[in-house]
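Trainee: Before we look, I would like to learn how to read a few features of a model.

Mentor: Here it is; we will take them one at a time.

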Amino acid sequence: MLNTPLTRLLGLALAAALALMAGVASLAFGATTVAPASLVQAFLAPDPGSVAHLILLTERLPRAVIAAVVGASLAVAGALMQTLTRNALAAPSVLGINAGAMCFVVVASSLFALRSPLALVWMAFLGALTASLLVALLGRERGGGLSPVRVVLGGVAVTALFVSLAQGLLIIDQEGFESLLLWLAGSVAGRGLEGLKPLLPFLVAAAAACVLLVRQLNLLILDDELVKGLGQHTGRIRLLAGAAVIVLAGCSVALAGMIGFVGLIVPHMVRALFGRDHRWVLPGCALLGAGLLLAADTLARFLMPPQEVPVGVMTALLGTPFFLHLARRRSLAP
Amino acid sequence: MSRAVILRAVGGRLSLRLERRTLTATLLLALVLAASALASLSLGSQATAPGEVLEALIHPERSEIALVVREIRLPRIVLAILVGACLGVAGLLLQGLVRNPLASPDVIGITGGASLAAVCFLALGGAALGEAWLPLAALAGALAVALLILALTGRNVTPARLVLIGIGVAAALGAGTTLVLVLSTDTTAMRAYVWLTGSLYAAQWGEVAGLAPWALLGLPLAMTLSRRLDVLALGDEMAIGLGTAVRGTRFALLLLAVALAGASVAYAGGLSFIGLLAPHIARRLVARGHAGLVPATAIIGALIVLHADLLGRVAFLPRDLPAGIFVAGIGAPFFIFLLYRWRR
């Protein structure tokens, strides 16, 4: 574990370097490999006649940017949720928040023919909010606290609910079958940057909330009694952090569909490196989350060529052993 | 004691205490099921009068609609009843096993294992081998997953671990299923998808014959194990104190639940929510104790699937929609209602 500020800064720099490398790999590798020289050239002096430049700028670059944004959002959302629920297994996908957002988006786009990204992202927020309220209702114990196992079970039940509703729609609306399947599987392929633009204000707001809350979040790690004794109110902090989770998860679903387990894996890796202080955990999560999703997306192109594996499937397959390991631990505290 | 009836076998080795309320509720449910089955038999793309249907059943040689009723509608209805009963009881067993009202075969990955096996079978061109092999593949998948979950849980099978590990395994299986679907051709994917949602379309007597042994063995076995469930409900320490081999009982209950759920998923696809809904409704209708709950849950599960299938068959003619859509459609609002009640 990195203990001094200097080593932690170095650690963050290393994480940034990893994310950058994953980004470059995501730009360079694929069905056609782009040479590094050509990569630099495409950005400095794009040649409209070159096919490689065209692929790079219109396809790979938006894809990499979206993967980075989605990975970072999911990882930060996961870290916030694990702190809020004091549950090592909490993550937007595990607790059904992604499924809620996905279901609302699918219903809006296939039943009500909503197409504008802004409308869809509001639907995603609404879905994420609905799902998290349901899970909170389900996870509540008699004393008023949240029981870790109950919360996870509630999340699974809520996921089952929303996924089966979306699946029912899939079968009725067979024309939209393929695009809807990608919502369910989660993919960053073929989504343009124009979808990202309307989401930027929300993402910036969520990031600002994280920056402002970073010290207060550390309070939430402490015992409730202790916090009260210190004269602090956690209600408002919890509310704001919860709103940030919903915005981050909703945006990532609106961008890329259901991508699971990034929010579960990354915070644990980051905590193992940086300890539990959110001033280091949150930036670390953003960087490594972006790096992980970029790497998974790049790998997904090579797993079963010529077809691409949806990146959501990749992260689920990577994340399951991790989840099982956590579930077998004695304590479920993060 | 006037509120209960006690049945004793000769020698007193086996006795059954039945509450009056449970008895009346079960009898009423059985009547409703019979009426629903008759209604379901007479409705379809061409509706027939119940009288004619009875005639076709009793004297097939005299009736013109004997073929429709006996070979097309009846197997489908019998299959719906068996599937619903098996899934409901599997859910009841799992909920008692992990002492959590939200457990069900779909939650801990049993349905997922069967689904992945079936989808792989379809995608790898298994259809050429013959339809008969699909249920076997699905059943094998369900059993393999149950063993995997048990192996991963290790020695100290606490209910919470079992569920959490099941959830993790279910996530991986779901990802695997999606992977196979995305990578396979469109027609296979669509077919697999309809199967995944749960459909009784074109059910034949062969399928009924395939599922019937599981149901006929499994449901009475669940009845005999019901008393163990009552003891487990008191908590592990109390159960051990009362002389129950807790680990062995859990193992037996889990295997039974897997067999029931796996077999029904094998023949009707991934119908979700029944394992969750049927036990909850049953708990509201009959008195405490699993001996009364098992038959009531079985009948309620059967009623749900029967009506969902009827809706899918009749409501959107000429299209025949999978029953799973309607089970989810009824299940989802009811589930939210349950959440609301459970909190208070």
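Mentor: Start with burial: 51% of the 344 residues in chain B are buried, meaning that 20 or more other C-beta atoms, placed from the backbone, lie within 10 Å of a residue's own. The model is predicted, with local features needing pLDDT of at least 70 and side-chain atom pairs 80 or more, while totals for chains, interfaces and linings use all residues. Residues are numbered from 1 along each chain as its sequence is written, and chains are lettered from A in the order in which they are written.

Trainee: What radius of gyration would a compact globule of 344 residues have?

Mentor: The rule, for C-alpha atoms, is 2.2 Å times the number of residues to the power 0.38. That puts a compact globule near 20 Å, and chain B agrees, with 20 Å.

Trainee: How are two packed helices described?

Mentor: By the angle between their axes and the distance between the axes. In chain B, the axes of helix H2 (residues 50-58) and helix H3 (residues 66-98) come within 9 Å and cross at roughly 75°. H2(B) is therefore roughly perpendicular to H3(B), a label for angles of 65 to 115 degrees.

Trainee: Which residues of H2(B) and H3(B) meet?

Mentor: Val53(B), Ala56(B) and Leu57(B) meet Ala66(B), Val69(B) and Arg70(B); contact requires C-beta atoms, placed from the backbone, within 7 Å.

Trainee: How many residues of chain A are in contact with chain B?

Mentor: 35 residues of chain A are in contact with 33 of chain B. H6(A) gives the largest share of chain A's side, 14 residues.

Methods: Buried ≥ 20, exposed ≤ 12 C-beta atoms within 10 Å, placed from the backbone. Axes fitted to C-alpha atoms, helices over the stretch in contact; angles between N-to-C directions. Helix = DSSP H or I, 4+ residues; strand = E, 2+ residues; numbered from the N terminus. Parallel < 35°, antiparallel > 145°, perpendicular 65-115°, else oblique. Contact = placed C-beta atoms within 7 Å.
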